[in-house]
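Here is a short tour of one protein model. Keep the sequence and the 3D view open as you read.

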Amino acid sequence: MKNLIVFWMCLVYLFASNIVFARMPNDPLVEQWAFKDAQVYDAWNKATGSGDVVVAVIDNGFDTFHPDLYPNVWKNIDEIPDNLVDDDENGYVDDVWGWDFSSYDANQDGIFTDEEQDIGNNNPRPWVVGRQKIKDDIHHGSLVAGLIGAVGNNGESGVGVNWRVQLMNLKVLEVSGAGDLSPLVRAIYYAVDNGADIINISLVGDVDVSVKEAIKYAYDNGVVVVAAAGNERVALNFSPVYPVCADVGEDEQWVLGVTAIDEDHYLAPFSNIGASCIDITAPGVNVSSTLRYAPKYGLTEKYSGGWQGTSFAAPIVSGAAALIKSIQPSWGPKQIYKAILSTVHRTPPSDPQAYQELYGAGLIQIANAVDYAFSNIVSAHLLKYFYAFDITDGTTQKSVPNDSEMIESENKQILNIDDIASFVSGFVTVKEFGSNKSEVIIYDKKLDIVDSWKVDSLGKLNIVVGDILGDEEVEIVLSPQYSSKNIFRIFDLDGNELHSLSEDVFYRGVSLGLIDADLRKKEILAVYGKVGAVKLKHFDKDMSVVREIELPFIKDTGVPDSGDIDGDGVQEYIVGGGVGDTPYIAYYNNDGSIKRKFFGYDPGYLGGLDIFSGDYDGDGKDDVFVGPQADEGSIIFWNNRSHKIAEWKFVDGGVMKYLPVF
């Protein structure tokens, strides 16, 4: 008989207390004690999540198309739906919405044959068709998913810890809650290999070496794992279960084990305990969340309260991990575990060991953890590598910091482009297309085309990409390289024009850059003006001018950027000379005053510079990259004191574009 794995879920109907908090979304059922006592509402004053963070929900499947979950459901964009082909070659055909790994005990004998064990399909949603009796168990995965990331501020039911997140739907159990361990193992590997940042496992099973290996695989690949303690009031020190106890005896912490408390902050009577496996506690009684919704089959409620179990304490912790990841995207399990465990509420115990057996470090305090994450933000951007593109022949040179060699390849995608920019999911190029048009092409990280669309233009365009409007969506900003009254236009990724800024006079082109705003949001830098009166202008998300800086050394359109070059947590403005300008680099303080100006390139070179900032040497300060737009010469990194810290020489330079990757 295979090792079995089950989850526990209890239903109790209670009444929620009135709650007052600072930042309230418009979701009518937002209030619940669990969120108040875990500091969720206070955390929302600082962070509400990000669509860049992926949380895998390994459970009995959640309702993919629930109206309060669907906008936050992870979708495998590398897979073409229903073509019966494994397009992304990950071993799963048509896994657009996740995967159902669950075994099915066809003859109900409690034993899973190899054939029954290997059953799987691309629909992880709990099925209701043909069921003679639908039990409450069918809601389990949907409840878990909703606590982590039911959509916030959409006027629909309740809300998760994260208003925005990606929820990966991985089903490993039938709705009855019973099954064997092999689907869990496969699901963990799938989650890690397909981009999950956090894995929530609200189920427990027998000790099994394959589960232990899978949990370690997740940890080694930088993935947080949060596991429920289980609901049998078992002492896990003596009767361990997996995955919550998978790291017992190890030098490093692979998984966060979670017990449940009630509204009086006492251990829930059903919760397992044991300091060897338990790391933290969270509310797990009278919890409210999303349900499996299928009105045609009698499932008419979208959301309800009164649920209890460590199954519902764990996703509150997973939600906290996702919020922290949205603030600190480079953090892995070590840093995220520290942020969570070092910021708990801990009632001073008379017996510290007994306290730890029940509650681990203490009660999760998500606002404190969020504050911790923000307090450890380093303004500098650690540079992973950068590309130098010769757009005349497609030659691409990739360089890694502190490596003197450049890896050369050829990419036809960059032939004759006007400009290129990167964002978290890939790259965007723009180039002229016929008469009075330009084409914007969006690529994934593999440089495969995701989408393309055309815009009106009278010549070449510049491009930058980021969350400009503060709506947690990526926008594309285009500016003219030709004479125009237009300063820039803002588009969404589908090509819809969202905003346009123009002035009453013609300028000879506009150069663009970005400066960090709050969290991952960006604001626009633009250099333009009449000859002898060129300025750098900093625009906020409302397109109001934050700062104007006169640039007497720029004739037409210099090149702007920003960076924390002195490591004080404040961004400085950086401007380089454009075509026809003396190749100066100038640093300006945040108040607009000049900080330093120097020759960033050979003083006799007038072909225009390209610049970007990034932490080249890992000292916590941004350095400034300088490369020629058209020349055979050098690529140089300068520090905040205008000292040259790195240089690469290259030949056969044509028309050059450069792209940093952080």
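In which hand, left or right, does H4 pass H7? The crossing of H4 past H7 is right-handed. A crossing is right-handed if the near helix is turned clockwise from the far one by less than a right angle, and left-handed if anticlockwise.

The model is predicted: local features need pLDDT of at least 70, side-chain atom pairs count only at pLDDT 80 or more, and totals for chains, interfaces and linings use all residues. Residues are numbered from 1 along each chain as its sequence is written, and side-chain values use heavy atoms, with hydrogens and water left out.

## Helix pairs

Helices (H or I, at least four residues) and strands (E, at least two) are DSSP runs, numbered from the N terminus. Axes are lines fitted to C-alpha atoms, for helices over the stretch in contact, and angles run from 0 to 180 degrees between N-to-C directions.

| Pair | Angle | Axes |
|---|---|---|
| H4 (residues 140–149) and H7 | about 30 degrees | 8 Å apart |
| H7 (residues 310–327) and H10 (residues 366–375) | roughly 20 degrees | within 9 Å |
| H5 (residues 182–193) and H6 (residues 209–220) | about 10 degrees | 9 Å apart |

Start with H4 and H7. Their axes lie 8 Å apart at about 30 degrees. That angle makes H4 roughly parallel to H7. Angles under 35 degrees count as roughly parallel, over 145 as roughly antiparallel, 65 to 115 as roughly perpendicular and the rest as oblique. From H4, His140, Leu143, Val144, Leu147 and Ile148 meet Ser311, Phe312, Pro315, Ser318 and Gly319 of H7. Contact means heavy atoms within 4.5 Å. The residues of this contact of H4 with H7 divide into six nonpolar, four polar and no charged. Ala, Val, Leu, Ile, Met, Phe, Trp, Tyr, Cys and Pro count as nonpolar, Asp, Glu, Lys and Arg as charged, and the others, Gly among them, as polar.

H7 also packs against H10. The two axes come within 9 Å and cross at roughly 20 degrees. H7 is therefore roughly parallel to H10. H7 passes H10 in a right-handed crossing. H7 brings Ile316, Ala320, Leu323, Ile324 and Ile327, while H10 brings Ile366, Ala369, Val370, Ala373 and Phe374. The contact of H7 with H10 has 10 nonpolar, no polar and no charged residues.

Next come H5 and H6. They pack at about 10 degrees, with axes 9 Å apart. That makes H5 roughly parallel to H6. On the H5 side, the residues include Leu184, Ile188 and Asp193. On the H6 side, they include Val211, Glu213 and Tyr217. By class, the contact of H5 with H6 holds 10 nonpolar, one polar and two charged residues.

## A buried methionine

Methionine 168 sits in strand E5 (residues 164–171). Is methionine 168 buried or exposed? Its relative accessibility is 0%, so methionine 168 counts as buried. Buried means under 20% relative accessible area, exposed over 50%, partly exposed in between (1.4 Å probe, protein chains only). The C-alpha atoms of methionine 168 and valine 57 are separated by 5.9 Å, although the two residues are 111 residues apart along the chain.

## Strands and sheets

Strands of a sheet pair through backbone hydrogen bonds, either parallel or antiparallel. Two strands pair if DSSP finds at least two bridges between them.

Strand E26 (residues 522–530) is largely enclosed by the rest of the structure, because seven of its nine residues are buried. Six bridges join strand E25 (residues 511–516) to E26, in the antiparallel sense. Serine 511 has valine 527 in E26 as its bridge partner. E26 also pairs antiparallel with strand E27 (residues 533–539), over seven bridges. There, tyrosine 528 stands opposite lysine 535 in E27. E26 and E27 form a hairpin with two residues between them, and glycine 532 in the turn has a positive phi of about 85 degrees.

Another open sheet of four strands runs E33-E34-E35-E36, with antiparallel pairing. Here the edge strands are E33 (609–614) and E36 (644–649).
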